[in-house]
Amino acid sequence: MAMFPLATGRGRALWRYSCGAAPAADVVAYPHTAEVGPPRPFTLPTDVAAAPWLGRAAGPRNRSASFAARPEECSETVTAGIKSLYLMPSTKPKPSLCIESMPPEMLIKILTYLDAGSLMCVGCVNKNFYHLANDNGIWQKIYSSCFQPKRTFWTMKSEQTETVSSDHAALHDRKPGYWKKEYILKQIAAVKARVMRLVKPVDVYTGLPCKNKEVMKASGLSWIIVLKDKNGKEHVMEKAKLSFKDTSVTILWNSASWPCLDILSSLKLFGVMPLFPNQSKAASKNGPRRRSLIAEYSLAHLTESSVALGADKLVQLFGLNPGLLVGLWKEKNEIAFVMASLHYHQLVERSALGSATVQYALPPHKPVLDDVGPEYGLHCYTLHLDMHGGDCAYLCGTFKNLFCRKGDIEDGYLRLTVVTLKDNRKHLPLTGTVGLSWEAGVFKGSVKDCYVMDVTLLDQTAKPFWCFSAPVYMELTSQASSLYDYMGPVYTTDYADTEGKIYVELVWLEETKEYFIVNLVLYVSTKKVNNWYGTNY
């Protein structure tokens, strides 16, 4: 009995012709019978004949066309076709598994293993995951694990019984996302309470919170700037370098990928705090966070609308109120860095309790009326003054018992004299070479005669009355001083905002290579005084 690789008659014929055997006889091999007969012409099946691997165009073929007359021409083609059609594994793509194809019940079960921050991120994937991540059952478990539910106290009288609704009613009677909203509001309230508790301790000299670093660490507070171009696109700058001083913090943003200055329209300064702060580990920038608008600045026509503070070989400095400094490259006229000076007064509240569109509103001050003192609100002021230039501190001093006579009120301002020309015992030296340090990538420098001034003026009850932190500059006004004790050029520094003005006069001593403050005067707006004390000056 002849044995062939294929059991069918067509298979045997194809195998014989592919091996070059002559079509002598058609032998059919069955388990129990054997039959020998004349050779029959073999006709390729329609599905095989239409296959493109035969080298011809696919389509109907003539079934009478036999390979018996030309086995040597078609044996290789037929062998390749048979192998690819019957012997090769199927290449039909299997259906791919996708997490969205899973039943909603199974997906909700998976989401129960996530924390609140991860659920917020999952809800941003698409609409389906948003609805799944808002499931009340998941958020009620998270809420109950963080905030203990009310207990039930049974007493003799039924009207004194306090009960909590059952889980079934709480889940089905509430709209989707109810427990998520409740959890977020509760977390925000807890953060506010913790922040307000930490800012209560006050420094006896400055009247400001003395645990600012601890507050920022506990709350995960940071600051970002958002640059908006004329097309509405926003560019977020997060990476910043912080420098803490006695009464302020200086924030420096430097990047190699600043947007073009010509297309920018505005700059917004935000305080950023994690929505769910975790004190056991550092806050993740990819988690849900809240923004609080601190200040907004216009960058249109920056060089014309802002104050030029100074320049060195590489950069030019331009100041914007309140407390913003923009450094531009001289050659390209593009942004090199951005620096912000933030005073500690109400800083945590302004950075955490506002919204993304509205600044935090300071609580209204209730004036304490005094009918006895005729000059109420004009005396017992205390000034704390800091001058620094980045890493260097030039002056840090406290001046008490500042006052103003009624007759010294002029042009709507109270005059508070701190240092006078006549009393040389109170003249103050500035230590070190005055200059504002900057950094932009691998480039570093210092702009001469520029510095940051921090002013903290306290009222007669030692509460902050007028506070600001701003970059300023010294302007040369005279080549020679008229004072007998000082011989050298005279410089002045001026600052003004809606609440007051400050004037500083300095003399440069070439012998000792230092500046001396010979005149320092504060001008406080009478409108500010009247609103604070309830007076009518």
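Glu439 and Lys241 pair up in a salt bridge, with their closest N and O atoms 3.4 Å apart. Glu439 sits in strand E17 (residues 435-440) and Lys241 in strand E5 (residues 241-244), so this pair ties together parts that are 198 residues apart in sequence. Bear in mind that this is a predicted model. Searching the whole structure turns up 5 salt bridges.

**Salt bridges**

- Back to the pair above: Lys241 is partly exposed, at a relative accessible area of 42%.
- Asp423 and Arg425 also join their side chains in a salt bridge, at 3.1 Å from N to O.
- Glu510 and Lys513 make another salt bridge, and here the closest N and O atoms are 2.2 Å apart.
- Lys513 counts as partly exposed at 48% relative accessibility, and Glu510 counts as partly exposed too, at 43%.
- As background, side chains of opposite charge can pair when their charged atoms come close.

**Helix H7 against helix H9**

- Helix H7 (residues 136-146) packs on helix H9 (residues 178-198) at an angle of about 30°, and their axes are 7 Å apart.
- That angle is under 35 degrees, so H7 counts as roughly parallel to H9.
- The crossing of H7 past H9 is left-handed.
- On the H7 side, the contact is made by Asn136, Trp139, Gln140, Ile142, Tyr143 and Cys146; on the H9 side, they meet Tyr178, Trp179, Lys180, Glu182, Tyr183, Lys186 and Gln187.
- By residue class, the contact of H7 with H9 splits into 7 nonpolar, 3 polar and 3 charged residues.

**Helix H13 and its cover**

- Helix H13 (residues 526-533) is mostly covered, with 6 of its 8 residues buried.
- The buried residues in H13 are Thr526, Lys528, Val529, Asn530, Trp532 and Tyr533.
- Strands feature in what covers those buried H13 residues, including E13 (381-388), E15 (413-419), E20 (464-473) and E24 (514-525).

How values were computed
Residues are numbered from 1 along each chain as its sequence is written. This is a predicted model: local features need pLDDT of at least 70, side-chain atom pairs count only at pLDDT 80 or more; totals for chains, interfaces and linings use all residues. Side-chain values use heavy atoms; hydrogens and water are left out. A salt bridge is a side-chain nitrogen of Lys or Arg within 4 Å of a carboxyl oxygen of Asp or Glu. Helices (H or I, at least four residues) and strands (E, at least two) are DSSP runs, numbered from the N terminus. Buried means under 20% relative accessible area, exposed over 50%, partly exposed in between (1.4 Å probe, protein chains only). Axes are lines fitted to C-alpha atoms, for helices over the stretch in contact, and angles run from 0 to 180 degrees between N-to-C directions. Angles under 35 degrees count as roughly parallel, over 145 as roughly antiparallel, 65 to 115 as roughly perpendicular and the rest as oblique. A crossing is left-handed if the near helix is turned anticlockwise from the far one by less than a right angle, and right-handed if clockwise. Contact means heavy atoms within 4.5 Å. Ala, Val, Leu, Ile, Met, Phe, Trp, Tyr, Cys and Pro count as nonpolar, Asp, Glu, Lys and Arg as charged, and the others, Gly among them, as polar.
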